[in-house]
Each structure stands twice: as structure tokens, then as C-alpha cells.
Amino acid sequence: MTPKDMMVADANAEAMGIPRTSLMENAGRGLSQVISQHKEPCKVTIYAGNGGNGGDGFVAARYLLNMGFEVGVYLLSDPALIKSREARLNWEVLQSISKGTSPLKVEVLKDSAYLHPTSAEVVVDALLGTGVRGNLREPVSTAVDVINQARGLKVAVDMPTGVDPGSGMVDDKAVRADITVTFHKVKVGLNIASVEYVGSIEVCDIGIPLEAELFTGPGDLLRRGRRDEKSHKGQNGKVLVIGGSKEYSGAPALAALAALGGGVDISVVACPKELSPIIRSYSPDLIVHRLSNEFLNPKDTEELIKLSEKFDAVVLGCGIGREEETALAVNDLVVEIGKPMVIDADALKMLGPGVIPRRIHDTVITPHAGEFYEFSGRTPPQDLQDKMEMVKEVALESESTVLLKGAVDIIARTDRIKLNRTGNPGMSVGGTGDCLAGLTGALLAQGHGGFEAAFLAAYINGMAGDLAAEEYGYNFSATDLLSYIPRIF
């Protein structure tokens with residue numbers, strides 16, 4: 001897993017009721033157990049940073065003391081800069097212990113001039129872990145040299161300091177660990193990095209349940225990138241919504257407004273000409289592109305393909321209708337538009353077999369059970385596990401991300417799967433699926449891959465529905481839901 005995946009799992013576990021203090025406690029205990037498996041009680045030196053990595057080292061010090069080790073903890077930062085409540089709490093515990101009779105030495109070293117070679121038989125790198133970026137600063141840089149020069153067993157916490165947690169590369173210098181103790185799962189950089197730096201890898205279970213990764217949660221919002229403060233119009237995504245028919249003017253408007261709520265700068269609706277004044281009347285925020293006829297037809301395809309080149313993602317199908325000529329246009333557009341795409345509603349019912357696999361860009365389909373049957377010819381079973389397997393099969397066959405809407409949304413892409421349980425019975429009202437499609441399009445336009453865009457959109461859309469239900473009960477509309485989307489972000 002990536003460092004971001006680990007942050008998400010931590011936060012989702014906390015949302016499930018597992019305190020971060022428990023996770024840090026389990027990590028520190030696991031670290032101490034690995035050390036005790038390799039060494040009899042002896043002298044241990046722990047070099048700690050001010051992040052969670054240092055907190056793991058603080059906890060390990062307690063357990064090592066109880067096992068009979070002589071422990072020295074050196075914090076290479078001002079204690080006031082310790083980042084998390086959990087790490088700060090465990091630092092304060094060490095302060096109390098150091099005033100007693102335990103063989104514990106605790107020092108703060110903010111200047112590299114005070115770092116000296118250590119004769120400890122075990123040296124622990126609890127400095128930066130997955131927090132490293134670029135060249136190392138002092139006093140951490142000197143601490144890495146001191147650790148590497150030590151003759152004792154060198155143990156890195158989560159990731160050797162100086163090794164990039166994503167790429168496994170070393171930009172400057174890095175700790176050369178004999179053992180790297182990582183938590184929950186192996187980080188992607190450890191699998192890539194040279195054994196010269198990571199040594200042997202030992203994974204400790206810290207009590208994060210599988211559900212913290214399988215189900216979406218508030219931690220997943222950490223996957224959202226920060227907006228560039230110097231960005232200008234268009235840099236935060238542009239979405240084109242193609243849809244609408246004489247029966248359904250609201251659907252494409254809802255999708256386009258949801259995309260704006262999702263943070264894109266520009267959201268344009270391309271719709272049949274008689275709908276353009278109606279859709280314009282819904283909101284001054286919408287830009288409307290008028291097509292040639294009263295429904296989408298092949299005469300529009302060349303124009304739409306060219307128009308789509310100006311956008312980062314396309315949402316196709318909201319309220320589009322079931323005309324025969326519309327089906328021809330939809331199949332052409334799916335193949336010819338060279339942008340990430342969300343395909344929803346009636347468009348799914350009109351696609352010919354093998355059309356989506358001809359696309360080379362990310363594709364997300366967002367069916368409910370009926371549309372899933374029309375698209376795949378399969379009826380989703382009631383059993384959740386069986387349903388998950390079926391959705392994975394359809395995702396693999398169609399080479400797309402499938403977001404099957406339901407009481408529990410199932411999002412699948414090849415061998416990856418995610419479940420979402422936000423939302424409520426009030427979301428059976430018409431239009432909430434159009435909001436979901438627009439949100440997914442917004443996330444695609446902002447650079448998220450299809451799988452991530454789909455499960456983030458499902459979580460955010462469902463949470464917006466839950467906030468609407470808090471105010472209105474289950475008697476809310478899709479328009480009511482729209483106003484809550486920005487609050488989730």
C-alpha cells in the first residue's frame with residue numbers, strides 16, 4: 001500500500017471507533033517484540049522525530065524497558081513541535097518514567113553538534129519513516145550518518161529515513177537498516193527499495209480491520225488534492241455533460257451542478273436545442289451548448305467529439321432518452337471521445353457489446369440494478385459477497401470501473417473493490433444518481449483515476465444525502481442534496 005493508503009486506513013479505523021492511541025500503542029509494542037526476538041536485553045538507542053514514527057519509538061521504549069533493555073531516547077526536535085496528540089502523550093509518559101528508577105535516558109537534541117556515535121547494540125531509526133521528501137535537513141541528516149556508522153543492529157520504523165516511501169528511491173542519503181519493521185501492510189516503496197537500505201522486512205498487525213480499507217470512510221477524503229492557491233479558471237477541472245431529452249431536462253442540469261459542487265471550474269451541458277433555455281433557467285452557473293435537434297442523434301457526434309477536446313472529463317447519458325438515433329450517437333461518442341468518461345442512465349442501456357473496451361481512457365459506469373441488467377444481461381444477487389463477485393466480473397469484461405448503486409454501493413475495477421454504505425432511503429428520489437454521475441465526472445476531471453473517482457463520489461454523494469436527511473428526514477429532493485456536497489469537501 002502507499003503512504004496515503006495507510007493514512008486513509010488509520011483515519012477510517014478511527015472513524016470506526018478505534019482510537020489512534022491504540023494503533024500507536026500496537027505499533028510500538030510490535031516494534032519492541034521484533035527487537036526482543038533478535039536481541040537479548042541490552043542497550044538500545046532510539047532516534048526519534050516529531051511525527052507518528054517518533055511516537056511509535058516512544059511506545060517501544062516503554063515495552064523494551066519492561067523486557068529488561070537499557071533504553072536511550074533522543075528526540076531530534078523541539079517537543080513543542082510534536083505533531084500528533086498521540087505522540088505527544090507518549091512523549092509525556094517517557095518524561096514521567098525518566099524521573100523514576102528505570103534505565104531510561106531521554107534527551108532533546110535540536111542541534112546536530114550534540115549528536116555523537118553510539119555504542120548501543122540496537123539502534124532504532126524512528127525519525128521520518130514515510131514522511132521523507134527530498135534532501136534531509138539537520139539534525140536528521142547527521143543522525144542518519146550516526147546510525148549508519150553504528151555497529152549495533154539497525155532497525156528502521158516503517159521506512160528507513162531517506163528512502164522515498166512511494167518510489168523506494170534515495171535522493172540524498174538514507175539509513176541502511178538491517179531490519180525494517182512496517183505496520184499493517186508493506187508500503188510500496190519497501191518492495192522497490194534496495195535491500196541495502198531496507199534489510200529484511202517484518203510486518204506487524206496493529207489492529208486495523210479489513211473493513212477500514214474495504215469500506216469508504218472520512219479518511220478517503222485525504223485522497224483529495226489541495227487546490228493551487230495561484231490557479232486560474234479552468235485549472236481545477238472542466239466537465240462536459242451530454243444528456244437531456246424532451247422528457248428529462250433536469251437530469252443533465254443536476255449532474256452539471258453536482259460537478260460544480262465537486263470543485264470544477266467549468267461545467268457545460270450539451271443538450272437538445274429545445275431544452276437549452278430550460279436548463280439555462282435552472283442556474284446562472286450553468287453553461288449550455290445547444291445541439292441540432294429535439295434529441296441526441298448522429299448529426300451531433302462530430303460536433304461533440306470536437307467540443308469534448310476542451311474538457312477534462314465527460315458525463316454521458318443523464319436524461320438522454322431511448323431514441324434509436326440516440327443509441328447510434330451514444331455508441332459513436334463512447335468510442336471516439338478521447339477523455340475520461342462517466343456513462344450513466346439510458347446510455348448504459350443502449351451500448352452495444354464490446355463498445356467500452358475500445359476506449360483507451362478511464363471509463364466509469366454508474367448503473368442501478370435495472371441498468372446493470374440491461375448493460376450486462378445479469379441480475380445482481382441478494383447476497384453481498386455474490387454480488388461483489390458479479391460486479392468484479394463485469395468490470396473485468398467491460399474494462400471499466402463499475403459503480404453499482406444500492407443500499408451498499410459496490411465499486412469494482414479489475415481486481416480492486418470498494419464498498420460504500422453512506423446514503424439513506426431518501427435517496428430513492430429521482431435525480432440523486434445524476435448528482436453522483438456529475439460528482440464522479442468532477443473527480444475524473446481533477447485527475448483522480450476512475451476507480452478512486454467512483455468510490456469517492458459514492459461516499460460524498462451519500463454523505464450529502466445523509467446531511468439532507470438530518471434536516472428534512474427522508475423527504476428531500478436531489479436539488480436539496482446538491483447544497484450539501486460542498487460541505488462534505
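**Exercise 1. What is the volume of the second largest pocket?**

*Solution.* Keep in mind as you work that this is a predicted model.
- Step 1: The second largest pocket has a volume of about 790 Å³.
- Step 2: Look next at its lining, made up of 35 residues; Lys-405, Met-427, Val-429, Thr-432 and Gly-433 lie nearest the centre.
- Step 3: Now find the elements behind that lining. Two or more residues each are given by α9, α13 (346–350), α16 and α17.
- Step 4: Among these elements, α16 gives the most, with four residues.

**Exercise 2. Find the residues with the most contacts inside the largest nonpolar core, and the element that supplies its largest share.**

*Solution.*
- Step 1: The largest nonpolar core holds 51 residues, and inside it Ile-279 and Ile-485 have the most contacts.
- Step 2: Several elements supply at least two residues of this core each, including β8 (238–242), β9 (266–271), β11 (313–316) and α16 (432–445).
- Step 3: The largest share, 12 residues, comes from α17.
- Step 4: Zoom in on Ile-485. Leaving out residues up to four places away in sequence, Ile-485 touches Ala-258, Gly-261, Gly-262, Leu-439, Ile-460, Asn-461 and Ala-464.
- Step 5: Apart from this core lies another, of 44 residues, with Met-1, Met-24, Ile-46 and Ala-126 among them.

As background, nonpolar side chains in soluble globular proteins tend to be buried together.

**Exercise 3. Compare the reach of helix α1 with its expected span, then trace its packing.**

*Solution.*
- Step 1: Helix α1 covers residues 3–15, which is 13 residues.
- Step 2: From first C-alpha to last, α1 reaches 19 Å, close to the 18 Å expected at 1.5 Å a residue.
- Step 3: Pick out its buried residues, among them Pro-3, Met-6, Val-8 and Asp-10.
- Step 4: The buried residues of α1 pack against α2, β6 (179–183) and α8 (211–214).
- Step 5: After α1 comes Gly-17, with a positive phi near 110 degrees.

**Exercise 4. Is Pro-41 buried, partly exposed or exposed?**

*Solution.*
- Step 1: Locate Pro-41 in the loop between α2 (20–38) and β1 (43–48).
- Step 2: Its relative accessible area is 44%, so Pro-41 is partly exposed.
- Step 3: Beyond residues up to four places away in sequence, Pro-41 touches Met-67, Gly-68 and Phe-69.
- Step 4: Pro-41 and Val-71 are 30 residues apart in sequence, with their C-alpha atoms 10.0 Å apart in space.

Conventions. Residues are numbered from 1 along each chain as its sequence is written. This is a predicted model: local features need pLDDT of at least 70, side-chain atom pairs count only at pLDDT 80 or more; totals for chains, interfaces and linings use all residues. Side-chain values use heavy atoms; hydrogens and water are left out. Buried means under 20% relative accessible area, exposed over 50%, partly exposed in between (1.4 Å probe, protein chains only). Contact means heavy atoms within 4.5 Å. A nonpolar core is a set of buried Ala, Val, Leu, Ile, Met, Phe, Trp, Tyr and Cys residues joined through side-chain atoms within 4.5 Å. The expected span of a helix is 1.5 Å times one less than its number of residues. On a 1 Å grid over the protein atoms alone, a cavity is a set of points where a 1.4 Å probe fits but cannot get out, and a pocket is an open set with protein on both sides within 12 Å along at least five of seven lines; lining residues have an atom within 4 Å of a point. Grid points are joined across faces, edges and corners, and a volume is the space filled by probe spheres set on the points.
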